[in-house]
Amino acid sequence: MKDMPQTKIPRAINWNRLDDDKDLEVWNRLTVNFWLPEKVPLSNDIPSWATLTDHEKELTIRVFTGLTLLDTIQNTVGAPSLMPDAVTPHEEAVLTNIAFMEAVHARSYSSIFSTLCSTKEIDEAFRWSDENPHLQAKAKAILDTYAPGNDPLKRKIASVFLESFLFYSGFYLPMYWSSRAKLTNTADLIRLIIRDEAVHGYYIGYKFQLGYEQLDEARQQELKDYAFNLMFELYGIENQYTEELYDQIGLTEDVKVFLHYNANKALQNLGFEALFPPEVSEVNPAILAALSPDSENHDFFSGSGSSYVIGKAVATEDEDWDF
Amino acid sequence: MGAELALIYYSSKSGNTERFVTRLGWPAARIPIDADAPLPDQGDPFVLICPTYADGEGRGAVPKQVIRFLNDPARREKLVGVIGTGNRNFGATYAMSGRIIADKCKVPLLCSFELAGTDTDIARIREGLTKLGKTLCSTAT
Ligand SMILES: Cc1cc2nc3c(=O)[nH]c(=O)nc-3n(C[C@H](O)[C@H](O)[C@H](O)COP(=O)(O)O)c2cc1C
Ligand SMILES: [Fe+2]
Ligand SMILES: [Fe+2]
């Protein structure tokens, strides 16, 4: 029975009748986020690229092929594998958008390569990614969960871990370069990818929560155990991957803190509590600033706290707030 | 000591802010998701926690229900500060709702945090609210 999927009667999608208004909210955000790599002036990074050492260049290209692999998986397997589990027609439509953007992400790394690197360097890096045991191990752990017939909620767990955790050993590097005023256009492009992944991780995590809420306690516990076990497994792989890539440049410890921070956020997207304590998850402020430039908040609670002055609220008319 | 500083928050169906407030353990009222539901009454001075739901340019960052809540001058008058939330991965619009509300209502932006917050966020917000409550108490006399 299980291998004989029922043919669904096709029904025209009606966006004026929503079962879940999150579907439209996320669709809107994803469509206004749409971008293509051509929009980013990558060639402005050519002088900056020339200042990197050979090892730094090789590291950067390798990191980007690793990211390309994850986006390729999410494009061709991950997002499509979630479609049969969709509970609303609008969710299916959102997933097609996610799948397509993963193709744009995967494609954009090749734009970076063709702008900055030689064919020989590019080919060498793709060969490296095909053979790297840690990269292959994380791909396999995720793909096993995506396999047909698997538990739909476990698939969502794996998908959120890919979107919100596995990318970050790689995303660290362009944020690091950007914090040192290097490869800043490349960093702009990566930030567009990071923003997309934030919506993907949020949405798939939200749909996971909806399914999870319906389950009895025993099943909930089983899924939660599964999630934390898979996180441990992936974290083990990421640790080795990080050491192999970043030891030589001396950044391994800094990257590991970034991994903890992102693992916690991935778990929160699923509605679970954090795993790593604050002591090991406080990310280098330069990296945080590179993630969200121009968003610096004047933080009253960190200040002396004695300077509280009650402002005179300007009479805000209702129309001031545009609905 | 006068009445404790009140806390009002919004949280959508993804529930991050709701989970944060539960762990914070500070008495709090939720602005409902449903546009027809009654809004919480607010007689005491309060702090607002608000997640960000912007488009790419920062439009629509403050959820409509929060706008609806703040559109009443009597409520706005009791607002003493705002905490914005979001996800740093959204880049320049990170936790932008907090900045917008602070500007608009001329109240301090107290701090911001990501998703459901960390233990560090819980500790510093609990401490910050306690201090702020005391400051307001002493200025009120
Ligand atoms: C459509 C959409 C847009 C968002 N836009 C932003 C944003 O511009 N800036 C930000 O910091 N967070 C943004 N977020 C993230 C949310 O603010 C964050 O997940 C928050 O924890 C949600 O709180 P809630 O689960 O209590 O509703 C967005 C989330 C969604 C779904
Ligand atoms: Fe992607
Ligand atoms: Fe993604």
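Me: Let's begin with helix α11 of chain A: how far does it reach from its first C-alpha to its last?

Reply: Happy to start there, keeping in mind that this is a predicted model. Helix α11 of chain A runs over residues 252-269 and has 18 residues. At 1.5 Å a residue the expected reach is 26 Å, and the helix comes close to that, with a first-to-last C-alpha distance of 26 Å.

Me: Which residue with a positive phi follows α8(A)?

Reply: Helix α8 of chain A covers residues 168-179 and reaches 16 Å, close to the 16 Å expected for its 12 residues. With 11 of those 12 residues buried, α8(A) is largely enclosed by the rest of the structure. The residue that follows α8(A), with a phi near 60°, is A181(A).

Me: Which side chain makes a polar contact with the side chain of S169(A)?

Reply: S169(A) is found in helix α8 of chain A, and at 1% relative accessibility S169(A) counts as buried. The residues that S169(A) touches include K138(A), Y241(A), T242(A) and E238(A). The polar contact, at 2.7 Å, is with the side chain of E238(A).

Me: Now for the metals: which residue coordinates both the iron ion (ligand 3) and the iron ion (ligand 2)?

Reply: The protein donors of the iron ion (ligand 3) come from E102(A), E163(A), E197(A) and H200(A), at 1.9 to 2.6 Å, and E163(A) gives two OE donors. In sequence these donor residues follow the spacing E-x60-E-x33-E-x2-H. The two iron ions are 3.5 Å apart, and the residue that coordinates both is E102(A).

Me: Staying with the donors of the iron ion (ligand 3), how many residues apart in sequence are the parts that E163(A) and H200(A) tie together?

Reply: Both E163(A) and H200(A) are buried. Among the donors of the iron ion (ligand 3), E163(A) supplies OE atoms and H200(A) supplies ND1. E163(A) lies in helix α7 (residues 152-166) and H200(A) in helix α9 (residues 184-213) of chain A, so the pair joins parts whose separation in residues is 37.

Me: How much area do chain A and chain B bury between them?

Reply: The contact takes 49 residues from chain A and 50 residues from chain B. Carbon and sulfur atoms account for 55% of the buried area. The total is about 4300 Å².

Me: How many salt bridges does the rule find across the interface of chain A and chain B, and which helix of chain A gives the most to the side that touches chain B?

Reply: The rule finds 3 salt bridges across this interface. One salt bridge joins D21(A) and K13(B), at 3.2 Å from N to O. On the side of chain A that touches chain B, α1 (21-33), α9, α11 and α12 (285-291) each supply at least two residues. With 7 residues, the helix that gives the most is α9(A).

Me: Which residue forms a salt bridge with R219(A)?

Reply: Side chains of opposite charge can pair when their charged atoms come close. At 27% relative accessibility, R219(A) counts as partly exposed. The closest N and O atoms are 3.1 Å apart, and the partner is E222(A).

Me: In the salt bridge of D55(B) and R59(B), which residue is exposed?

Reply: The side chains of D55(B) and R59(B) meet at 2.8 Å, N to O. At 15% relative accessibility, D55(B) counts as buried. With a relative accessible area of 55%, the exposed residue is R59(B).

Note on methods:
Residues are numbered from 1 along each chain as its sequence is written. Chains are lettered from A and ligands numbered from 1 in the order in which they are written. This is a predicted model: local features need pLDDT of at least 70, side-chain atom pairs count only at pLDDT 80 or more; totals for chains, interfaces and linings use all residues. Side-chain values use heavy atoms; hydrogens and water are left out. Donors are N, O and S atoms within 2.8 Å of the metal (3.2 Å for Na, K and Ca); water is not among the atoms, so sites may look incomplete. Helices (H or I, at least four residues) and strands (E, at least two) are DSSP runs, numbered from the N terminus. Buried means under 20% relative accessible area, exposed over 50%, partly exposed in between (1.4 Å probe, protein chains only). The expected span of a helix is 1.5 Å times one less than its number of residues. Contact means heavy atoms within 4.5 Å. Buried area is the accessible area (1.4 Å probe) that two parts lose on being put together, summed over both. A salt bridge is a side-chain nitrogen of Lys or Arg within 4 Å of a carboxyl oxygen of Asp or Glu. A polar contact is a pair of N or O atoms within 3.5 Å; within protein, one must be able to donate a hydrogen and the other to accept it, and residues adjacent in sequence count only if both atoms are side-chain atoms. Lists of a residue's contacts leave out its neighbours within four places in sequence.
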